Amino acid sequence: MVLWFLILIPMLAAPLAWIGQQWSRHVARWIAIGALATDLCLALLLWSQDHSGQVSGHGSWLFESHTSWIPLWGISLHLGLDGLSLVLILLTAFLGLIAIVASWTEIQSRVGFFHCNVLLALGGVIGVFLAIDLFLFFFFWEVMLVPMYLLIAVWGHANRRYASFKFFLFTQAGSLVLFVSIITVAFLHQQATGRPSFDYADLMRLTLSKEMAWWLMLAFFIGFVVKLPAPPFHTWLPDTYTEAPTGASIILAGLLAKTGAYGLLRFTVPLFPEVMSEFAPIAMGLGAIGILYGAVLACSQTDLKRLVAYSSLSHMGFILLGAFAGTELALQGVVMQLVAHGLSTGALFMLAGALYERFQTTDMRQMGGLWGVIPRGASMALFFACASLGLPGLANFIGEFLVLFGSYSAQPMVTILASIGMVMAAVYSLGMMQHTSFGPQRETRLAPDLSNVVFGALLLMAALQVLLGLYPRPVLTTTRPVMETLVQPAVPSSHLTHPPSDQMPSANLFTSHVSSP
Amino acid sequence: MLKLLWLIPVLPLAGFLVLALCGGRLSRRQVAWVGCGSVGTAAVTTALVSVDFFQGFPDRAFYQQTLWNWIDTSGMTVGVSWYLDALSLLMVAVITGIGFLIHLYSVEYLSGDDGYSRFFAYMNLFVAAMLTLVLADNLLLLYLGWEGVGLCSYLLIGFWYREPEYGTAAQKAFIVTRIGDTAFAIGLFILFTQLHSLSIQQVQTLAAEAWPIGSTRAVIVAALLLIGAVGKSAQLPLQVWLPDAMAGPTPVSALIHAATMVTAGVYLIARMHQLVALAPLVQETVAVIGLLTLLLAACSALVQRDIKRVLAYSTMSQIGYMFLALGVGAWSAALFHFLTHSCFKALLFLAAGSVIHSLHHEQDIFRMGGLRRQLPVTFWTFLIGAAAMSGVPLITAGFYSKDWILWSVWSSPLSHHWIWFGALLGTLLTGLYSFRLVIRVFFGEAHTLASGEPGFAMRVPLVVLALFALTIGFLEVPHTLGHLSLFSPYLSHVLPTLEIRAGIDESSETLEQIAVTCSALLGIGLAAVLFLPRFNFIERCADMPAGHALATWWQNGWGFDRLYDRLIVRPWLHLTRDSGEILDHGSKLLVIGAESCHAWLSHTQTGHVRWYAATVAVGTLVLLGLFAL
Amino acid sequence: MLTTHALMLAILLFGLGLVGLLSRRNILYMLLSLEIMLNAASLAFIAGGARWGQVDGEVMFLFILTLAAAEVSVALGIVLQLSYRFHTLDADAFSEMKG
């Protein structure tokens with residue numbers, strides 16, 4: 001039940017925030033802050049109860065909630081929490097708070113509706129991280145999309161119409177592919193066992209024919225990679241990240257991208273072990289291409305937000321690389337990279353938003369010498385530029401290096417290719433610093449330095465970066481059991497608890513009703 | 001007392017944190033106290049630790065301290081742990097000792113600058129990172145320090161951030177070294193994948209067991225580590241960043257780009273000597289790179305106009321000597337040269353800084369001259385530094401270290417005689433360019449008026465370093481001159497000692513020494529002949545077209561910058577000139593397709609209700625017909 | 001036999017209504033034609049119900065009756081508005097929504 005609270009608190013606070021606007025703008029903001037803070041506390045409480053070492057993963061969860069919904073089709077309200085979802089929910093609640101702080105001064109019109117949308121989107125994201133019934137998962141997957149579209153379309157910058165349409169169409173197309181494959185999997189389950197099921201544990205036990213598994217894996221892969229994104233499905237990213245208001249950019253880069261990564265880790269990788277070994281090199285190659293392609297494009301940008309957007313694309317390549325490396329080390333690196341990227345990119349978008357508020361532009365050609373104008377902002381930009389280029393001692397380094405260490409044993413050449421991205425990361429990060437903070441001062445007019453609240457939020461993120469960079473154990477031990485089971489999906493732990501009568505069902509769409517040998 | 005080891009890197013780090021978080025609120029005096037104090041206390045702690053260390057030495061050859069487990073997951077266990085042995089203690093002593101002197105010097109040197117607290121914050125962070133590098137027990141922690149010093153170097157080169165050229169130089173330094181760092185990182189991936197460990201000691205033991213001498217894996221890993229070391233230590237072919245790095249304030253050049261950071265590559269190779277020894281091919285490459293760098297850089301140093309660039313090229317050249325020594329297996333000699341070089345090169349930079357300071361940021365040596373009467377302390381200390389660098393026999397430290405290296409090159413089984421002749425030519429060039437600098441700056445007629453000798457805080461480090469530059473060589477006196485050997489037994493607990501090649505007569509050492517001495521003195525003498533104004537030989541040479549072309553070529557560092565510009569920078573800029581992307585055209589095509597379909601279909605949308613009704617009826621009929629069929 | 005005749009009549013009525021709908025330009029006549037078509041459909045239901053001896057046909061008829069009433073009330077409101085705005089009842093004049 002406590003899991004439903006996690007989802008329902010922001011969802012129910014959403015209309016309240018809208019109504020609350022009648023009294024004052026601040027009521028809406030405080031309602032949003034309150035809801036997310038409650039969520040954060042709740043998640044922390046769950047975390048403190050998590051006895052690490054407890055086996056979790058497929059079929060055995062730290063917390064679980066199961067209610068029947070549409071039994072005829074095998075759909076149930078099934079939520080489950082394990083280390084991976086716990087870490088991501090903590091990140092969601094934290095970055096949600098950051099997003100609201102970042103929009104505090106930026107959003108002045110329709111404040112209530114803005115926060116309503118933010119809360120709905122975050123509720124959807126948390127739902128995605130918790131749902132282990134594929135139908136319910138898809139429901140939340142769609143729930144987070146519409147408020148996100150509204151956030152971009154209503155409060156975005158000049159080119160918001162184009163960007164919001166592009167975002168919606170791309171993600172919706174990905175969702176379609178995903179939906180078709182979810183239905184197919186459930187149908188295959190019906191063919192194999194006689195009853196359809198959308199339940200994760202049931203589907204884990206489904207054995208597929210190789211050809212079928214290949215197509216389904218491809219579909220699941222595309223559906224999630226569009227959200228991640230990785231080339232060639234990424235072209236919505238730069239426009240969307242750039243045109244979205246600051247808060248929405250933080251949520252998009254920090255959280256929505258993570259739902260794609262989560263989907264890959266939760267579904268794509270473990271559901272289709274049959275074709276994993278064939279598919280992994282392709283996915284890893286795509287990851288390495290993403291790293292280099294994003295980095296090259298980040299180097300050619302003149303707009304700050306676009307630069308951060310492309311750097312984000314480059315960082316997501318590491319996630320793709322690690323998720324398919326098939327080693328526990330790489331998977332642990334992926335989790336670190338998810339958290340670290342959320343913090344570093346979120347902070348960079350927040351800084352870009354702060355600069356936009358002061359100079360009404362994010363064009364780096366019109367900036368320069370900001371160290372003398374807004375020293376607090378420039379020093380934070382320096383810090384997060386370092387984080388983004390993977391400076392050791394900060395969380396991004398742990399993520400990237402664990403991924404690379406883990407991937408090297410699987411695909412040495414691809415990993416070496418990906419390592420070149422480290423040099424390019426230095427080029428664009430330092431280029432960004434040079435164009436904005438250093439050099440001669442372009443803006444002669446004085447601008448106020450970062451406000452205490454924004455500076456405090458950035459400092460908090462910086463502190464977390466350092467903490468996780470020097471002591472990543474809290475995250476790594478929480479997710480380790482999950483990643484251990486991901487590497488050996490052959491024997492799901494739940495399978496052992498079932499009686500032998502529940503044999504491994506096999507299914508094939510073309511030769512229906514084949515019983516297992 | 002050994003337990004205090006963790007304090008040594010933590011103290012400067014604490015200094016950095018204090019200055020970074022509340023540097024704006026402190027007065028200059030307080031900033032100076034925090035900045036110098038943190039490094040000073042680190043130096044004192046080092047002294048305390050080393051007293052304790054030497055009590056148990058050599059029975060207890062190392063001391064290990066683990067603070068916490070950094071990464072401990074899925075088969076990778078890496079701790080934040082320190083490893084103190086003879087080699088790292090030497091490095092720590094140099095870093096904290098010379099670091100403190102340079103901090104003290106900066107208190108006065110930068111007293112008029114806006115970014116006072118920022119400067120000391122970066123410097124403290126640098127010292128902390130450098131100490132982490134040398135004290136690290138495992139390669140990942142070493143990499144942390146390695147990247148940390150690179151970052152600080154970047155920040156300090158671009159310290160005067162308003163000048164765009166300085167920013168470019170800073171970026172160049174970081175990116176070029178980052179190329180080396182990436183190779184280093186790939187080396188770590190291979191090591192970990194093969195040996196499942198990153199501990200420096202463990203990895204080398206395992207490697208020695210697993211890989212035979214000269215095996216491909218060992219060669220690849222050693223080569224990758226070498227690329228990392230080459231990048232950091234500004235050796236060929238990644239040397240291009242160091243001359244430009246002189247954009248930073250002079251104390252920075254003294255600390256980072258002369259005494260400590262650029263020798264990190266030397267430290268790395270010495271630290272990984274067992275691994276390097278497994279790859280004789282790589283070790284030979286180290287020697288060749290060292291030799292080439294020392295000669296090329298020495299030629300470039302001969303023709304520079306900027307006092308700091310001369311010193312930068314001389315640093316490259318001297319580190320070339322260290323690489324040469326490492327390459328021929330004279331590990332201790334390389335470290336000894338590191339020790340003396342840190343003293344005399346820091347001294348030279350600080351004295352040059354004093355010159356620059358008193359001439360109001362004039363760096364062109366052709367606008368200097370005749371300063372020996374106006375700046376006597378600076379003159380004498382600079383002279384001592386130059387003498388030590390050229391290896392003036394018996395009285396300077398540089399002589400003892402360089403002689404040791406040359407003797408090792410001559411007698412090592414891994415070396416060839418032609419290498420020795422190259423290195424000998426290097427000593428001649430060293431004398432030549434060192435004293436060219438002395439003569440240009442301190443002799444002849446005055447071009448610019450100096451504002452007088454620097455104050456107390458700048459003079460103390462100069463004098464102390466001058467004393468070191470004279471005396472530190474007596475730690476290891478060759479046995480032909482009295483046999484006082486302290487340094488090599490000390491390091492022999494960590495690094496193997498060099499065996500003399502069969503067929504080399506020990507008595508030839510005297511002859512070899514005479515050759516080295518003559519060569520150095522010849523260089524100095526030539527400098528006097530060539531550059532003293534009354535001879536004026538070199539100007540006539542440079543006026544000739546061939547001489548002029550050669551001088552320009554050398555002045556630009558043998559055209560490496562141009563080469564890299566053509567090969568890498570321009571293609572890269574070409575690649576990134578357009579901010580749009582190709583893949584976006586794909587989705588644009590989709591949009592165009594959708595729009596044309598839309599235009600076509602919208603003809604059916606006439607707005608006439610009856611037309612719609614008719615289409616509905618026809619559609620129904622068609623469907624019914626289909627079903628009926 | 002009765003069913004066949006009734007269905008024939010329903011088809012005839014439906015065709016009549018459809019022709020009226022397509023040929024008339026006056027929107028009121030179009031509504032009338034629509035009513036005829038609805039009634040034709042109801043007749044078919046009734047006939048079917050009588051044929052199978054089931055009450056469903058009459059239930060559907062009642063539904064259609066209600067639907068027709070609702071439809072007419074809404075449609076007449078729209079017609080009023082249209083004639084008020086455009087001063088005509090010609091359906092082809094209301095072609096603002098063409099693509």
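Visitor: How much area do chain B and chain C bury between them?
Guide: In this predicted model, chain B and chain C bury about 960 Å² between them. Carbon and sulfur atoms account for 61% of that area.

Visitor: How many residues of each chain are in contact there?
Guide: Chain B brings 11 residues, which are in contact with 13 residues of chain C.

Visitor: What is the salt bridge count between chain B and chain C?
Guide: The count is one salt bridge. The side chains of Arg610(B) and Asp92(C) form a salt bridge, at 2.7 Å from N to O.

Visitor: Which pair of chains shares the most contacts?
Guide: Chains A and B do, out of the two pairs of chains in contact. That contact takes 61 residues from chain A and 48 residues from chain B.

Visitor: What about buried area for chain A and chain B?
Guide: Chain A and chain B bury about 4700 Å² between them, and 71% of this is on carbon and sulfur atoms. On the chain A side, the residues that lose the most area to chain B are Phe405(A), Tyr408(A) and Leu430(A), which together make up 14% of what that side buries.

Visitor: What holds for salt bridges and polar contacts between chain A and chain B?
Guide: Between chain A and chain B the count is one salt bridge. Asp72(B) forms a salt bridge with Arg473(A), and their closest N and O atoms are 3.3 Å apart.

Visitor: Which helix gives the most to the side of chain A that touches chain B?
Guide: That is helix α18 of chain A, residues 412-436, with 13 residues. By type, the residues on this side of chain A are 39 nonpolar, 17 polar and five charged.

Visitor: Where does that leave chain A and chain C?
Guide: Chain A and chain C do not touch. Their nearest C-alpha atoms are 21 Å apart.

Visitor: Switching to confidence. What is the mean pLDDT of chain A?
Guide: The mean is 86, and 91% of the residues of chain A reach 70 or more. Over residues 55-59 of chain A the pLDDT is below 50, and this stretch has 17 contacts in the model beyond near neighbours in sequence. Residues 490-517 of chain A also stay under 50, with 40 contacts beyond four places in sequence. Where pLDDT is low, the predicted coordinates should not be read in detail.

Visitor: Now Gln283(B). Buried or exposed?
Guide: Gln283(B) is buried, because its relative accessible area is 6%, and buried means under 20%. This residue is in helix α13 of chain B, residues 280-303.

Visitor: What does the side chain of Gln283(B) reach?
Guide: The backbone oxygen of Leu326(B), at 3.2 Å. Beyond four places in sequence, Gln283(B) also has contacts that include Gly327(B), Trp331(B) and Leu414(B).

Visitor: And Pro10(A), where does that lie?
Guide: Pro10(A) lies in helix α1 of chain A, residues 2-20. Pro10(A) is buried, with a relative accessible area of 0%. Not counting residues up to four places away in sequence, Pro10(A) touches Phe5(A), Ala35(A), Asp39(A), Leu119(A), Gly123(A) and Ile126(A). Gly34(A) is 24 residues from Pro10(A) along the chain, and their C-alpha atoms are separated by 9.2 Å.

Visitor: What about phi of His196(B)?
Guide: His196(B) has a positive phi of about 55°, although it is not a glycine. His196(B) lies in the loop between α6 (164-195) and α7 (200-210) of chain B, and is exposed, with a relative accessible area of 57%.

Visitor: And His360(B), what is phi there?
Guide: Phi of His360(B) is near 55°, a positive value in a residue other than glycine. His360(B) is in the loop between α15 (331-358) and α16 (376-390) of chain B. With a relative accessible area of 56%, His360(B) is exposed.

How values were computed. Residues are numbered from 1 along each chain as its sequence is written. Chains are lettered from A and ligands numbered from 1 in the order in which they are written. This is a predicted model: local features need pLDDT of at least 70, side-chain atom pairs count only at pLDDT 80 or more; totals for chains, interfaces and linings use all residues. Side-chain values use heavy atoms; hydrogens and water are left out. Helices (H or I, at least four residues) and strands (E, at least two) are DSSP runs, numbered from the N terminus. Buried means under 20% relative accessible area, exposed over 50%, partly exposed in between (1.4 Å probe, protein chains only). A polar contact is a pair of N or O atoms within 3.5 Å; within protein, one must be able to donate a hydrogen and the other to accept it, and residues adjacent in sequence count only if both atoms are side-chain atoms. Contact means heavy atoms within 4.5 Å. Buried area is the accessible area (1.4 Å probe) that two parts lose on being put together, summed over both. A salt bridge is a side-chain nitrogen of Lys or Arg within 4 Å of a carboxyl oxygen of Asp or Glu. Ala, Val, Leu, Ile, Met, Phe, Trp, Tyr, Cys and Pro count as nonpolar, Asp, Glu, Lys and Arg as charged, and the others, Gly among them, as polar. pLDDT is the predictor's confidence in each residue, from 0 to 100.
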